[in-house]
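Dear colleague,

Please find below the structure that I am handing over to you.

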Amino acid sequence: MRSETFTILTGVGIVILLFTGQPLLAGEYNRVMSVGDPLPRFGTFPATDNTVLSLNEVSEDVLVLAFLANHCPWVRGAEADLIKLADAMKARSVRVVGVSVNHRKEDRLPAMKEHASEFGYNFTYVFDESQDLGRKLGASRTPVFFVFDSARRLVYTGLLHNSPGQMRRNGSVHYTKGDPTEFYVKDAIEAALDGMAAPVPETRAHGCNIEYVR
Amino acid sequence: MRHALRWLSLIFAFSACTPPIPSVDDTGNDLKQVSLVPITYIDWTDKLKSFKGKIVVVDFWATWCSPCLERFPKMIGFHQSYRSRGVQFVSMCLDDPSDLEAVGTAREFLRNNRATFHNYLINEDALEAFDKFDLLGIPAVFIYDRSGILQFRLTGDDPRDQFTEADVERAIEGLLDR
């Protein structure tokens with residue numbers, strides 16, 4: 001029975017691929033990582049709270065990586081919701097880590113410390129100066145989110161929710177599609193904590209390109 | 001009255017220190033013609049067809065994108081170098097069309113940079129615009145050949161393969177040689 005189901009699903013996948021030209025698997029919006037891939041090995045990263053983080057030694061069941069950039073209005077439009085999410089998850093076995101990769105002055109560690117303090121970041125915020133973390137995860141823009149389960153397999157990547165916010169010049173946040181109704185990162189975390197697959201494994205995150213040094 | 005006169009003298013002093021914006025660029029193009037035209041994705045695809053016979057370089061940018069603003073003067077330079085060789089430059093602004101302050105800033109930026117080519121503002125929300133152009137982030141440059149076929153898609157989508165202005169120039173030269 002399982003073999004028949006597998007054959008049918010494979011056939012459906014091939015038909016979809018033939019007709020749409022699009023792969024059925026995730027990884028569509030990430031040139032490096034696909035859902036199911038393991039968290040690569042990394043060194044340590046300096047954090048805004050003056051500690052040093054080794055990502056591979058994080059002990060919580062779920063690891064959330066949020067690629068951020070202080071200067072990016074799409075990040076500014078997401079940060080309040082990210083803070084709320086981190087707060088809602090603080091009693092659970094979830095570790096939220098913000099990552100800044102750009103080498104712009106406003107995105108480097110001294111500015112990150114000021115920003116985290118000013119806007120009340122309640123999660124670890126690390127600087128990826130080598131850009132190794134961003135490169136290995138295929139993080140190409142900010143904000144983009146990655147959720148890893150207890151086996152440190154990628155279970156979700158993409159948007160925080162279905163209505164990305166953009167901070168306008170007057171400081172107000174404009175949600176692209178009105179109030180968010182689908183919370184992809186939160187749902188992926190809860191599914192991972194329950195040992196289930198994320199209901200939506202990948203979405204198209206858009207925003208400010210991360211500037212990698214060539 | 002004395003108060004008003006003080007303000008008037010301040011305004012006069014300020015305007016005397018500020019160089020006037022020229023009405024024409026270095027090659028005589030009327031800067032009053034620098035405009036930012038709202039366009040839907042569908043209308044853009046029609047517009048692209050009207051450029052058939054020319055190589056079309058589309059620079060995606062927004063006022064919120066710092067690297068886009070920094071790179072923009074290079075595009076102006078390319079436009080000046082290549083426009084007589086059948087290359088049409090287009091700027092495609094991805095600012096939120098409902099954010100009038102951002103749109104005003106975008107217009108001012110184009111005028112200050114003397115962007116005397118076709119400047120469009122995508123008249124869709126950001127999710128739709130990025131989705132329809134298959135973009136993840138900006139800056140990005142798309143280059144179409146003389147038949148309107150997208151030949152070069154220069155983006156930052158892959159951290160291992162970032163583009164520079166040298167890639168834009170190489171792509172244009174490559175298409176001119178065909």
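What pLDDT does chain B average, and what percentage of its residues score at least 70? Chain B averages a pLDDT of 87, and 82% of its residues score at least 70. Please bear in mind that this is a predicted model. One stretch of chain B calls for caution: over residues 7–22 the pLDDT stays under 50. For those residues of chain B the model has 1 contact beyond four places in sequence. The model as a whole scores ipTM 0.84 and pTM 0.85.

I turn next to the place where the two chains meet. Here 27 residues of chain A are in contact with 25 residues of chain B. On the side of chain A that touches chain B, two elements give two or more residues, namely α5 (132–137) and β11 (207–209) of chain A. Of these, β11(A) gives the most, with 3 residues. By kind, the residues on this side of chain A comprise 8 nonpolar, 10 polar and 9 charged.

The strand β11(A) also takes part in a sheet that includes a strand of chain B. It pairs in the parallel sense with β5(B), residues 137–138, over 2 bridges. Within this region, A:Gly207 stands opposite B:Gly137 of β5(B). The sheet is open and has 3 strands, in the order β6(A)-β11(A)-β5(B), with mixed pairing. Why is one side of β6(A) and of β5(B) left without a neighbour in the sheet? Both β6 (141–142) of chain A and β5 of chain B stand at the edges and have a single partner strand each, so one side of each has no neighbour there.

In soluble globular proteins, nonpolar side chains tend to be buried together. The largest nonpolar core in this model has 103 residues, and those touching the most other members are A:Val64, A:Val147, A:Val185, A:Ala188 and B:Val57. Strand β3 (residues 62–68) of chain A supplies the largest share of this core, 7 residues. As for B:Val57, its contacts, leaving aside neighbours within four places in sequence, are B:Val87, B:Phe89, B:Val90, B:Val141, B:Ile143 and B:Ile172.

Yours sincerely

Technical notes:
Residues numbered from 1 in each chain as written. Chains lettered and ligands numbered in written order. Predicted model: local features only at pLDDT ≥ 70, side-chain atom pairs only at ≥ 80, totals over all residues. Contact = placed C-beta atoms within 7 Å. Helix = DSSP H or I, 4+ residues; strand = E, 2+ residues; numbered from the N terminus. Nonpolar A, V, L, I, M, F, W, Y, C, P; charged D, E, K, R; others polar. Pairing = 2+ DSSP bridges. Core = buried A, V, L, I, M, F, W, Y, C linked by C-beta atoms within 7 Å. Buried ≥ 20, exposed ≤ 12 C-beta atoms within 10 Å, placed from the backbone. pLDDT = per-residue confidence, 0-100.
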